[in-house]
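Dear colleague,

Please find below the structure I am handing over to you. My findings follow directly after it.

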Amino acid sequence: MPKILDGKKLAKEIELTLQQAIESDMKVAKRPPGLAVLRVGNDPASEVYVNYKEKACDRIGVRSFAKHLKEDISLEELTEIIKSLNEEKNVDGILLQLPLPAHLDEAVLLRSIDPDKDADGLHPLNLGRLIKGEKGPRSCTPAGVMSLLERNQIKIEGKRAVVVGRSILVGKPMALMLEAANATVTVAHSRTKDLPSLTREADLLVVAAGKPYLIGENHVSENCVVIDVGIHRLPNDQENMKGLKKTKLCGDVKIFEIEDKVDAYSPVPGGVGPMTVTMLLANTVDRWQKHCGLPLTISHLLP
């Protein structure tokens, strides 16, 4: 039987560690960690994600500075809000919820976040630190994947890793983190020729393509470890496909085709998703300890 990489369980364990660190350090810090999540417009998925992040903050003792901003906010207005949060002493982490409305320049806005308060690790300076192997906030989803692999004692060093997806949010930082852990990494994408022949070479396959059921049985080799980063809502006519539970959610991988073939896999939901939010909290608590001059007791949780 394959090992199921339970992100929900691990996220709870890490949250407890973060909660204990906050409780222990509050006497010296005199304030809780602060996280500002900025949501623009009414994207339904973003609303769900932000609500989940706010609840996670409440669970461990992080003060939420969440802002829901109007759809037609100007670039200048949003930049000023970010600058004010950069100056706010009670805010340790800032996250700009993506995607943004089309009229807003994502790159400009991410650059306007103080790199030392960049809770999602997407500022160019922090991406540069990742490339150079220097400490700094890390992109939350790939950081969650690395934690999931480490805690389940899945060896990375010397393995052939294939990452399907090249976004700045997941694919590119994921490849860099795996490379830093001494894997040999190949990045594939939607224009890769003969994708199955490439992915079958992988000991470790991370799929972050954003396409439901892209990867099936013919894409994986025996004894591979598969990490499914995707999450999608199925149309009604696919709800009762073989292997699906009573849920409309699926990932980029047809787990029901590969589960008897692989060594381990992350489920959807309950795999990478919970870890993404937990690593956001870890980034925030780490920044809080740094800003308050406290010992960096939770930095080992970050890759």
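**Findings: Asn86**

Asn86 is found in helix H3, which covers residues 75–87. Please note that the model is a predicted one. The relative accessible area of Asn86 is 15%, and because this is under the 20% limit the residue counts as buried. Its side chain reaches the backbone nitrogen of Asp114 at a distance of 3.0 Å. Apart from neighbours within four places in sequence, Asn86 is in contact with Ile94, Ser112, Ile113, Asp114 and Lys117.

**Ser64**

Ser64 has its place in strand E3, residues 63–64. With a relative accessibility of 32%, Ser64 counts as partly exposed, since the value falls between 20% and 50%. A polar atom of the Ser64 side chain lies 3.4 Å from the backbone nitrogen of Ala66. When residues up to four places away in sequence are not counted, Ser64 touches Leu35, Glu54 and Cys57. Val37 is 27 residues from Ser64 along the chain, and the C-alpha atoms of the two are separated by 7.7 Å.

**Ala209**

Ala209 lies in the loop that runs between strand E8 (204–207) and strand E9 (225–228). Ala209 also counts as partly exposed, at 30% relative accessibility. Leaving out neighbours within four places in sequence, its contacts are Val164, Gly165, Leu214 and Asp252.

**The chain as a whole**

The protein chain has 10 helices and 12 strands. What radius of gyration does the protein chain have? The value is 19 Å, which agrees with a compact globule, because for 303 residues such a globule would have a radius of gyration near 19 Å. Along the principal axes, the C-alpha atoms fill a box of roughly 55 × 40 × 35 Å.

Of the 303 residues, 51% count as buried. Among contacts with a separation of 6 or more, 69% are accounted for by residues 24 or more positions apart. The accessible surface comes to about 14,700 Å², and 50% of this belongs to carbon and sulfur atoms. As for charge, the chain has 41 positive and 41 negative charges, whose mean positions are 2 Å apart.

With kind regards

How values were computed
Residues numbered from 1 in each chain as written. Predicted model: local features only at pLDDT ≥ 70, side-chain atom pairs only at ≥ 80, totals over all residues. Heavy atoms only, no water. Helix = DSSP H or I, 4+ residues; strand = E, 2+ residues; numbered from the N terminus. Buried < 20%, exposed > 50% of the residue type's maximum accessible area, 1.4 Å probe, protein only. Polar contact = N/O pair within 3.5 Å; in protein donor to acceptor, adjacent residues only side chain to side chain. Contact = heavy atoms within 4.5 Å. Rg over C-alpha atoms; globule rule 2.2 N^0.38 Å. Areas by Shrake-Rupley, 256 points an atom, 1.4 Å probe, with all protein chains shown as cover. Lys, Arg positive; Asp, Glu negative; His and termini not counted. Charge placed at Lys NZ, Arg CZ, Asp CG, Glu CD.
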